[in-house]
Amino acid sequence: MSNQFPSLRPRRLRQSDSMRALFQETEFSVNDLVLPIFVEEETSEYTVIETMPGVLRIPESKLAYEIERYAKAGIRSVMTFGISHHMDATGSDTWNENGLVARMARICKDTVPEMIVMSDTCFCEYTSHGHCGVLHDHGVDNDATLKNLGRQAVVAAAAGADFIAPSAAADGQVQAIRTALDEAGFIDTSIMAYSTKFASSLYGPFREAGGSVLQGNRKNYQMNPMNRREAVRESLMDEYEGADALMVKPAGAYLDVISDIRAASRLPLAAYQVSGEYAMIKFAAQAGAIDERKVVRETLGAIKRAGADIILSYFAMDIAENGVDY
């Protein structure tokens, strides 16, 4: 083969800002982002999360104010996580019609009806043991947990949640939730499944944010981070069970998985830039090692480039307030 240089010069298309913008292949905007939020009941004070600089636990009494602030900035969707003061062995407050899960959805929708509310559907923040379901001697009982996931989903839907987002990593959870929602008359409530959720070390700061009391780990039900083919299988199983959208969590270290699932499915695909990813950028920027603004936008762009349609990120307000450009 003859050498194509000097006839072919890719740098021709990089000569100016206008030229680079014209030929840019991947773009994202605030419309692609979901802001995860932490809401604490029975307190009137914001709580600093030391491991996630800039992220606060929101007192329930201030949630309406915050939702209005997000909407004014251009945020169109939030994912709600509750910090419960009513924990028990099963996380029963999650299916209480007046419990924190229901109240968060209700406040969000009453305050800004057009805000898309995604209700994280799990039990780890509501159980006294910190695991994601009914705990028996042998670990989390998958099938007993399914019934409770359905109960929680119905309560969240009744309170106005647009999306049920099951993150318990239970086999059959999408089917169980879809059945429960349909039987309760919520046929239009969507499911965004945490369809590929890895047992990642990058969730560390979330433990503080969510007030986790977990002892041990979740490796028995979350996915092995080294398994790529199984990740695709898990997501396709959720698609077959009735998920309306899929999700990969975490995002940045799993761009290959995002790409694989994008190729295998035509469903909308989300990716969650998790607390550890956020913290690494924040602390590296504080140390002067990186330019936070540029790295935030580069990492979000990489997640979009890998195939994600939607990105859950704690940087969503930064993008909303300060724009996408470097």
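Where does C122 lie? Let's start there and then tour a few more close-ups of this predicted model.

Close-up 1. C122 sits in the loop that runs between strand 5 and strand 6 (135–136). An unreviewed UniProt entry gives the annotation "binding site" to C122, C124 and C132. Is C122 buried or exposed? With a relative accessibility of 3%, C122 is buried, because buried means under 20%. Setting aside neighbours within four places in sequence, C122 makes contact with T94, C132, L149, Q152, S167 and A168.

**Close-up 2. C132, a contact partner of C122.** C132 is also found in the loop between strand 5 and strand 6. Its relative accessibility is 2%, so C132 counts as buried too. Once neighbours within four places in sequence are left out, the contacts of C132 are C122, F123, C124, T145, A168, R218 and Y221.

Close-up 3. E234 belongs to helix 7 (residues 229–241). Which residues touch E234, leaving aside neighbours within four places in sequence? They are S195, T196 and M223.

Close-up 4. T196 has a relative accessible area of 0%, so T196 is buried. Not counting residues up to four places away in sequence, T196 touches M223, A231, E234, S235, M247, V248, K249, V257 and I261.

**Close-up 5. Helix 3 and what covers it.** Helix 3 takes in residues 100–111. Its twelve residues should span 16 Å at 1.5 Å a residue, and the C-alpha atoms at its ends are 16 Å apart, so the two values agree. Which residues of helix 3 are buried? They are L100, V101, A102, M104, A105, C108 and K109. Their cover includes strand 1 (33–40), helix 2 (63–73), strand 4 (77–83), strand 5 (116–121) and helix 4 (142–158).

**Close-up 6. A nonpolar patch on the surface.**

Technical notes:
Residues numbered from 1 in each chain as written. Predicted model: local features only at pLDDT ≥ 70, side-chain atom pairs only at ≥ 80, totals over all residues. Heavy atoms only, no water. Patch = residues over 30% accessible without salt bridge, like charges linked within 9 Å, V, L, I, M, F, W, Y side chains within 5 Å. Areas by Shrake-Rupley, 256 points an atom, 1.4 Å probe, with all protein chains shown as cover. Salt bridge = Lys/Arg side-chain N within 4 Å of Asp/Glu carboxyl O. Helix = DSSP H or I, 4+ residues; strand = E, 2+ residues; numbered from the N terminus. Contact = heavy atoms within 4.5 Å. Buried < 20%, exposed > 50% of the residue type's maximum accessible area, 1.4 Å probe, protein only. Expected span 1.5 Å × (residues − 1). UniProt positions renumbered as here; feature names shortened; annotations may be inferred.
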